[in-house]
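Reader: I have not seen this one before. Can you walk me through it?

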Amino acid sequence: MSGPSTPKVTRREALLRLSSTAVAAAAVGAGFATFHDRRTVSASASAIPDWRVPQPGTGTAAAARGSDPAGNVRRAVAAMGGMERFVRKGETVLVKPNVGWDRLPEQAANTDPQVVAEIVRLCIAAGARRVVVTDISCNDPRRCFARSGIQAAATAAGAEVIESGRLHLATAALPGLSAGLQVVEELLRADRVINVPVVKHHSLSRVTLGMKNWFGVLGKGRNRLHQDINRAVAELGATFRPTLTVVDATRVLAANGPVGGSLADVLPVGAVLAATDPVLADAWGASLLGHKPEGLGFIAEAERRGLGRADLALVKELGTA
Amino acid sequence: MRWTIRIRVLYQAFFLVVFLWLLARLAAGDARDLPFSAFHHGDPLSAVGVTFGSGTLPGALVWGSVLIALTLLFGRAFCGWVCPLGTLQQLSSRLFSPRTRRESLHVNRYRRWYAIKYYALAALLVGALAGTLQTGLLDPLSLTARGLASGLWPLLPGGRPAPGGWVAAVLLLGILVASRWIPRMFCRGFCPLGALLGVFARFAVCRIHRAGDACTSCKLCTFACQGADEPLGSHRVGECLVCLNCLPACPEQAITYQALPALPAPPKEPDLSRRYLLGTVLGSIAVAPLLRATGGGREAARPRLLRPPGSLGEAEFLQRCVKCSLCQQACPTSAIHSAIGQAGVEGFWTPVVVPRRGWCEFACTRCGEVCPTGAITRLTPARKTGYDGKPPVSIGTAFVDRGRCLPWAMGTPCIVCEEMCPTDPKAIWFETVDEAGRDGASRKLQRPRVDVAKCVGCGICENKCPVGEEAAIRVYSVGETRDPLNRLLAGGLPK
């Protein structure tokens, strides 16, 4: 044998092999070029929408009293011009009651289920395509939604009830509030938002009402806001502008709030207020617990910032049914 | 033909020396701007892994494409000519195992289990896609740097202890010792970088060719084959490390290394079972959530998990960190150590600041400068310290343990933490009190208090605290800049 034989590669095969190498090189090059220093998708912070509708000429708040909570809701909302003024056909409405605690309706730690259910019914009657009832509870959310009666009552009324275990949170722009807070994503999708607080004593802010109720749409880190509660509550009021605030004073928790427990702390007031002015709504609720609005730091701060007027004379009292 | 081998050995020696020298200079605190992360920048396993994990290929990792291009031209020449771990194994194999020719023939045969590295590669890349980057566990560059830093540097004069470093040292040593039985066992069986290059080597332009009619099947070529790629049979180009030992070994000169040789028929591909590969992929998809759910998730509170300054948020950090240990070696105060359990199973070997070992020097930005993947972002001293007017970069917050602190609990004057505090104004200030001692006599005491809005968590207070073992002032991760949710204070305050 005279040395190794020369390898025989046809021109065709050489071209094919070189092109496969070139394709591999091009694929790697394209991959590297595509991903090189690519801006990774970071959740962009959405702005919180403003859910208010143009002020109806019927005043900024109406209060109804009586033994039927649903009837009180109907009368108060009707006095504000009816739900049709606030909810249009095909809209998605988010109803935000207080479902913070594993308590029964009689204990008055959560919004009354009949009040929530009646609001849902009014929204659907006004043509709402979808009504979502949600809150981020402090206790176990399944127990809160079940034992407050809100899960059953709101579902029966036609709402989609989402307890906080099944909620998605989104990063939102919350200038003025603590950095990094997230909010309930459904809130950003809703066309209209109805805030339905219950009137309760609170150990830090003295009373907890509508503006304080926005704690319930915030995710982890919301408890830092207690460090400066009056400024934080006013800031929440400036950040979240609801279509309507419906204050539930069917039962009022007068002491050991916001959790309560003892029926001895519950006052049977039997009233509901509907308001387009969230500051007035809070002032009216506070007055039920004997507070003068000007004596409450968060109301004074909210008024100073022009979020509303805490003048109880502006409340249209509809009397007892 | 022996000159090709001499040139290869020169290359191997050169790259090994450069690799060791850069590591040593880094650990020695060389102030020059040397290319400390050059090897890691050119590591395509990191490039692909980080891209899969994070969706972006950060900065200089793009150099990994050069290594892939070289592989497309020359095959896995990186493994045979450059890789420091390959060179060390080759050395170990030669030094500790003089073999008879019969033995050499035996140990250099291809074995089916050499396909494990391809499964490992698949598992690591699928894991990265699922959100947990673990390539650093097996990456030869990370392994070598970590093994040396944890197992060798502490033994050198002036060496600083590396707690838990024995794990990495034993692994590196084990890999080297394994070469006593099977040369380059790690390269052949386990190296995911080798596997990645092996995938591209299948397209290599230049490769080994055996002229069949000249070959007498004497098997001499196999005696010194580093890759166990069977130059005698149907050459496995994906296994070949291009050591070129077979060229001069062939008495008939039947073996050549050339561009576009005729291919053996059929070309040998890795012995991968489709079923095993599918199992590997499915298993790896489950690993990331499993590690999070059962290995201590990212959501779990990790009060003492202090990451180096400039680190990304934990999820993004774990998508980028390749566990190369460069930050650990760059840290001038030995504050950075490799996590064993502090960061969960997922964060094994990721860097963590241990203030009792060292503190984060106020204006030092070394760790971010050497991080090859941007898991620790680059900071300027002005940015880190807040001298640029924005809030400084904080890695945590110091808390006084009033039960252990000398002035708080023992009526004994001490001001060390306040004295050391580097911020302006100092985050640690004194509350001056008159305190009656046991004898009833009153004396003035300065008790340290922490202004949480000013503290950057550097840990020099904890490091210098004269209270032995557990310090009386300790840094916790709350307040770290990288996590907007891990905060103490509300409002627009910097913390």
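## A walk through the two chains

Author: Pro258(A) sits in the loop of chain A between strand S11 (244–253) and strand S12 (266–267). Keep in mind that this is a predicted model.

Reader: What is the peptide bond from Gly257(A) to Pro258(A) like, cis or trans?

Author: That bond is cis, and its omega is near 0°. In general, most peptide bonds are trans.

Reader: Which residues does a cis peptide bond join in chain B?

Author: Asp424(B) and Pro425(B) are joined by one, with omega about -5°. Pro425(B) is in the loop between helix H21 (416–420) and strand S6 (428–436) of chain B.

Reader: And Lys219(B), is its phi positive or negative?

Author: Positive, about 70°, although Lys219(B) is not a glycine. Most residues other than glycine have a negative phi. Lys219(B) is placed in the loop between strand S1 (206–210) and helix H13 (220–223) of chain B.

Reader: Changing topic. How is chain A divided?

Author: Into domain 1 (10–40) and domain 2 (46–320). The C-alpha centres of these two domains of chain A are 60 Å apart.

Reader: How is chain B divided?

Author: Chain B has domain 1 (2–259) and domain 2 (314–476). Their centres, taken over C-alpha atoms, are separated by 40 Å.

Reader: How many residues are in contact between those two domains of chain B?

Author: 40 residues of domain 1 of chain B are in contact with 28 residues of domain 2 of chain B. Between them the two domains bury about 2,700 Å², with 54% of it on carbon and sulfur atoms. On the domain 1 side of chain B, Leu26(B), Arg146(B) and Arg160(B) lose the most area to domain 2, together 23% of what that side buries.

Reader: Now the two chains. What area is buried between chain A and chain B?

Author: About 2,900 Å², of which carbon and sulfur atoms give 63%. The residues of chain A that lose the most area to chain B are Arg17(A), Phe32(A) and Arg224(A), together 22% of what that side buries. By contacts, 32 residues of chain A are set against 40 residues of chain B.

Reader: Why give an area at all?

Author: The size of an interface is often given as the accessible area lost when the parts come together.

Reader: Fine. Helices next: at what angle do H8 and H9 of chain A cross?

Author: Roughly 155°, and the axes of helix H8 (residues 278–288) and helix H9 (residues 297–304) of chain A come within 10 Å. Angles over 145 degrees count as roughly antiparallel, so H8(A) and H9(A) are roughly antiparallel to each other. H8(A) passes H9(A) in a left-handed crossing.

Reader: Which residues of H8(A) and H9(A) meet there?

Author: Val279(A), Asp282(A), Ala283(A) and Ala286(A) from H8(A) meet Phe298(A), Ile299(A), Ala302(A) and Glu303(A) from H9(A). The residues of this contact divide into 6 nonpolar, no polar and 2 charged.

Reader: And in chain B, how do H6 and H9 cross?

Author: At roughly 70°, with the axes of helix H6 (residues 84–96) and helix H9 (residues 140–151) of chain B coming within 8 Å. H6(B) and H9(B) are therefore roughly perpendicular to each other.

Reader: Which residues meet in that contact of H6(B) with H9(B)?

Author: Pro84(B), Leu85(B) and Leu88(B) in H6(B) meet Pro140(B), Leu141(B), Leu143(B) and Thr144(B) in H9(B). By class, this contact has 6 nonpolar, 1 polar and no charged residues.

Methods
Residues are numbered from 1 along each chain as its sequence is written. Chains are lettered from A and ligands numbered from 1 in the order in which they are written. This is a predicted model: local features need pLDDT of at least 70, side-chain atom pairs count only at pLDDT 80 or more; totals for chains, interfaces and linings use all residues. Side-chain values use heavy atoms; hydrogens and water are left out. Axes are lines fitted to C-alpha atoms, for helices over the stretch in contact, and angles run from 0 to 180 degrees between N-to-C directions. Helices (H or I, at least four residues) and strands (E, at least two) are DSSP runs, numbered from the N terminus. Angles under 35 degrees count as roughly parallel, over 145 as roughly antiparallel, 65 to 115 as roughly perpendicular and the rest as oblique. A crossing is left-handed if the near helix is turned anticlockwise from the far one by less than a right angle, and right-handed if clockwise. Contact means heavy atoms within 4.5 Å. Ala, Val, Leu, Ile, Met, Phe, Trp, Tyr, Cys and Pro count as nonpolar, Asp, Glu, Lys and Arg as charged, and the others, Gly among them, as polar. Domain bounds come from an automatic or database domain assignment. Buried area is the accessible area (1.4 Å probe) that two parts lose on being put together, summed over both.
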